[in-house]
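Please keep the sequence and the coordinates in view while going through the points.

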Amino acid sequence: MEVVRLEVFEVWMPLVSEFRTSFGSTRLRPALLVRAVEKGGEEGWGEVVAGEGPWYSSETVWTAWHVIEDYIARLLPSTIEHPREVGGRLSRIRGHNMAKAGVEMALWDLKARMESKPLWSLIGGVKRDVSVGVSVGIQPSIEDLVRTVSRYLEEGYGRIKIKIEPGWDLEPVEALRREFPDVPLQVDANAAYTFLDAPRLSRLDDYGLLMIEQPFHHDDLLEHAHFQSMVRTPVCLDESVKSVRDAVAALKLGSARVINIKPGRVGGIASSLEIHDFWSLKAHLPVWIGGMLETGVGRGHLVALGTLPGVRYPSDISASRRYYMEDIVDEPWELERGSVIRARSRPGIGVEVDWGRLNKYVKKSRRLSL
Ligand code: OSB
Ligand code: MG
């Protein structure tokens, strides 16, 4: 592929409702959309999922802009045969996985479109129906939580994940279990606890949760291993797995039984595939696909990854309308019966960016030639 340029668009998308986690609250979601343009005019789209501040990870929308403009666009050659080459080309850049991923994903979409294939089939997907759930932020009260969850269940979501933090853990889980005894339920702490909280967190074992996601430090594997040995409920790692090397270490240490794969966190699709292959094919353990409140573009990449054979839990991929009043793509993602989102047969990620809608949210854009 002869890639003549990258275009970067900084957008600020108002969320339909505030999303609160242990690390902060979001009402306006920033993102960088990356468009890769090939000599013949074909395009591919990716999304940088870094937030407004360095809270989930050390990256922000500003660091990602800087790294894409000043390093990634300068290091990438204009001839790229396959997006799998991108990781090697960018390996001099330490960290900045979300910036790398946004560009790499645009090149995967471009590659799939140039081969007139849906991205999911290019990466080895095996199912069209991707089982999904909803991630519910920390609520002002238990009543608000129960109301919010019942609304999502009525909309057809079959799996609920709630965010927890110290002061909002056992009680909300207990309340949901009382109201909805059989709903597949899991919790995500976004690294809010220290190991002193392990005895309290181990009481979550009483509620039949699918998993407990990232209770401890964002870079830890040892405390998670110790905790996994204390509880029956599977521990799931999110923040702590940034590459397949972390997954290998996590398996050796017994830090988790499940990995939430987010392409942004791990540096892109190729790295997601490595982690998927290692954890599911070598370790015979399940993965699922995590979300970062993506627009329809990033969501298309998540759906493609969700079709992989090792994805054996519902993924955090909700319909476009769960996040945004208006998505920036021509066919927003919809929830289908059975709590699934269907991967599309159109080439690439399965959506086209709607320029009219995109332009309403763009604050800044730049063309970078390769
Ligand atoms: O930890 O999974 C997380 C959103 C932003 C940052 C971190 C996380 C999340 C979510 C949202 O849980 C999942 C989604 O996009 O629906
Ligand atoms: Mg998480």
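The numbered points below concern a predicted model, and they proceed from the domains to single residues.

1. Domain division. The protein chain is divided into domain 1, made of residues 3-116 + 352-369, and domain 2, made of residues 121-342. The centres of domain 1 and domain 2, taken over C-alpha atoms, are separated by 23 Å. Contact between the two involves 36 residues of domain 1 and 33 residues of domain 2.

2. The side of domain 1 that touches domain 2. At least two residues of this side are supplied by each of β1 (3-21), β2 (24-38), β3 (43-48), α2 (86-89), α3 and α13 (355-361). The largest share comes from α3, with 9 residues. By class, this side of domain 1 holds 19 nonpolar, 5 polar and 12 charged residues.

3. The largest nonpolar core. This core has 110 residues, of which Leu-32, Val-34, Val-48, Ala-64 and Ile-259 touch the most other members. Its largest share, 10 residues, is given by α3. Because both domain 1 (3-116 + 352-369) and domain 2 (121-342) give residues to this core, the core lies between them.

4. Contacts of Leu-32. Which residues does Leu-32 touch, not counting those up to four places away in sequence? They are Val-8, Phe-9, Glu-10, Val-48, Val-61, Ala-64, Trp-65 and Gly-102. Two of these residues, Val-48 and Ala-64, are also listed with Leu-32 among the core residues that touch the most other members.

5. Helix α3. This helix covers residues 97-114; at 1.5 Å a residue its 18 residues should span 26 Å, and the end C-alpha atoms are 25 Å apart, which agrees. Of the 18 residues of α3, 17 are buried, so the helix is largely enclosed by the rest of the structure. Just after α3, Ser-116 takes a positive phi of about 50°.

6. Ser-91 has its place in the loop between α2 and α3. Ser-91 is exposed, because 11 other C-beta atoms lie within 10 Å and the class takes in residues with 12 or fewer. The C-alpha atoms of Ser-91 and Pro-181 are separated by 47 Å, the two residues being 90 residues apart along the chain.

7. Helix α11. The 14 residues of this helix, residues 269-282, should span 20 Å at 1.5 Å a residue; the end C-alpha atoms are 19 Å apart, which agrees. The buried residues in α11 include Ile-269, Ala-270, Ser-271, Ser-272 and Leu-273. Further along α11, Ile-275, His-276, Phe-278 and Trp-279 are buried as well.

8. His-284. This residue is found in the loop between α11 and β11 (287-289). Is His-284 buried or exposed? His-284 counts as exposed because it has 8 C-beta neighbours inside 10 Å.

9. Helix α12 and Ser-339. In α12, 11 of the 11 residues are buried, so this helix is largely enclosed by the rest of the structure. Among its buried residues are Arg-299 and His-301, together with Gly-296, Gly-298, Gly-300 and Gly-306. The loop between α12 (296-306) and β12 (340-342) contains Ser-339. Phi of Ser-339 is near 55°, again a positive value in a residue other than glycine. Ser-339 is buried, with 21 other C-beta atoms within 10 Å.

10. Trp-168. This residue is found in the loop between β6 (160-163) and α6 (170-179).

11. Surroundings of ligand 1. Which residues surround ligand 1? The shell consists of Tyr-56, Ser-135, Asp-188, Asn-190, Asp-238, Gly-290, Gly-291, Met-292, Leu-293, Asp-316 and Ser-318. These residues divide into 3 nonpolar, 5 polar and 3 charged.

How values were computed:
Residues are numbered from 1 along each chain as its sequence is written. Chains are lettered from A and ligands numbered from 1 in the order in which they are written. This is a predicted model: local features need pLDDT of at least 70, side-chain atom pairs count only at pLDDT 80 or more; totals for chains, interfaces and linings use all residues. Helices (H or I, at least four residues) and strands (E, at least two) are DSSP runs, numbered from the N terminus. The expected span of a helix is 1.5 Å times one less than its number of residues. A residue is buried if 20 or more other C-beta atoms lie within 10 Å of its own, exposed if 12 or fewer, and partly exposed in between; C-beta atoms are placed from the backbone. A residue is near a molecule or strand if its C-beta atom, placed from the backbone, lies within 6 Å of it. Ala, Val, Leu, Ile, Met, Phe, Trp, Tyr, Cys and Pro count as nonpolar, Asp, Glu, Lys and Arg as charged, and the others, Gly among them, as polar. Domain bounds come from an automatic or database domain assignment. Two residues are in contact if their C-beta atoms, placed from the backbone, lie within 7 Å. A nonpolar core is a set of buried Ala, Val, Leu, Ile, Met, Phe, Trp, Tyr and Cys residues joined through C-beta atoms within 7 Å.
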